[in-house]
Amino acid sequence: MPETVTLVVNGVSVEMPAGSMVSAAILKTGTHAFRRSATGEPRGPLCGMGICFECRVVINGEPHCRSCQTVCRDGMDVRTDG
């Protein structure tokens, strides 16, 4: 297994240690708003264990993925709505 993987977050290439969560890669880009609430408020990870669903992002075109529960993979395309 490679020691690092490279993924793209909102058009920015990010290198992460293998086994890292997508939420960590997003935060590494300086992004803090992962999505917007129905009223437009910025939302980000709260629980960090997949219960609150505040960390949902689009991964490889699939919406509503919990970034705190998804392991980074080489070539992933991650989009936030922040």
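Guide: From the N terminus on, the elements of the protein run β-β-α-β-β-β-β-β. That comes to 1 helix and 7 strands. Helices (H or I, at least four residues) and strands (E, at least two) are DSSP runs, numbered from the N terminus. This is a predicted model, in which local features need pLDDT of at least 70 and side-chain atom pairs count only at pLDDT 80 or more, while totals for chains, interfaces and linings use all residues. Residues are numbered from 1 along each chain as its sequence is written, and side-chain values use heavy atoms, with hydrogens and water left out.

Visitor: What radius of gyration does the protein have, and what would a compact globule have?

Guide: The radius is taken over C-alpha atoms, and the globule rule is 2.2 Å times the number of residues to the power 0.38. With 82 residues, a compact globule would come near 12 Å; the protein has 12 Å, which agrees. Along the principal axes, the C-alpha atoms fill a box of roughly 40 × 25 × 20 Å.

Visitor: Which way do strands β1 and β2 run, and how many bridges join them?

Guide: Two strands pair if DSSP finds at least two bridges between them. Here β1 (residues 4-9) and β2 (residues 12-17) run antiparallel, joined by 6 bridges.

Visitor: What happens at the turn of the hairpin of β1 and β2?

Guide: The hairpin has 2 residues between the strands. N10 lies in that loop. N10 has a positive phi of about 50° although it is not a glycine. The residue is partly exposed, at a relative accessible area of 32%. On that scale, buried means under 20%, exposed over 50%, partly exposed in between (1.4 Å probe, protein chains only).

Visitor: Where does H64 lie, and what is its phi?

Guide: H64 is in strand β6 (residues 62-66). Its phi is positive, about 65°, and H64 is not a glycine either. H64 is exposed, with a relative accessible area of 56%.

Visitor: How many residues are in the largest nonpolar core?

Guide: The general idea comes first: in soluble globular proteins, nonpolar side chains tend to be buried together. A nonpolar core is a set of buried Ala, Val, Leu, Ile, Met, Phe, Trp, Tyr and Cys residues joined through side-chain atoms within 4.5 Å. The largest one here has 17 residues, and L7 and V78 have the most contacts inside it. The elements giving two or more residues to this core are β1, β2, α1 (22-28) and β5 (56-59). Across the protein, 32% of the 82 residues count as buried.

Visitor: What is L7 in contact with?

Guide: Contact means heavy atoms within 4.5 Å. Leaving aside neighbours within four places in sequence, the partners of L7 include V12, V14, M16, A25, C72, M76 and V78. For the protein, among contacts between residues at least 6 apart in sequence, 37% join residues at least 24 apart.

Visitor: How many disulfides are there?

Guide: A disulfide is a covalent bond between the sulfur atoms of two cysteines. The test is a pair of cysteine sulfur atoms within 2.5 Å. By this rule the count is 0. The sulfur of C68 is 3.6 Å from the closest cysteine sulfur, in C55, too far for a bond. C72 is in no disulfide, as the nearest cysteine sulfur, that of C68, is 12 Å away. C68 is buried at 7% relative accessibility, and C72 is buried at 2%.

Visitor: How many salt bridges does the structure hold?

Guide: Side chains of opposite charge can pair when their charged atoms come close. The cut-off is a side-chain nitrogen of Lys or Arg within 4 Å of a carboxyl oxygen of Asp or Glu. The structure holds 3. E54 and R35 meet at 2.8 Å, N to O. This pair links distant parts of the chain: E54 is in the loop between β4 (42-43) and β5, R35 in strand β3 (residues 35-36), 19 residues apart. R43 also bridges to E54, with the closest N and O atoms 2.8 Å apart. R43 lies in strand β4, so this pair ties together parts that are 11 residues apart in sequence.

Visitor: Are E54, R35 and R43 buried or partly exposed?

Guide: E54 is buried at 13% relative accessibility. R35 is buried at 14%. R43 is partly exposed, at 31%.
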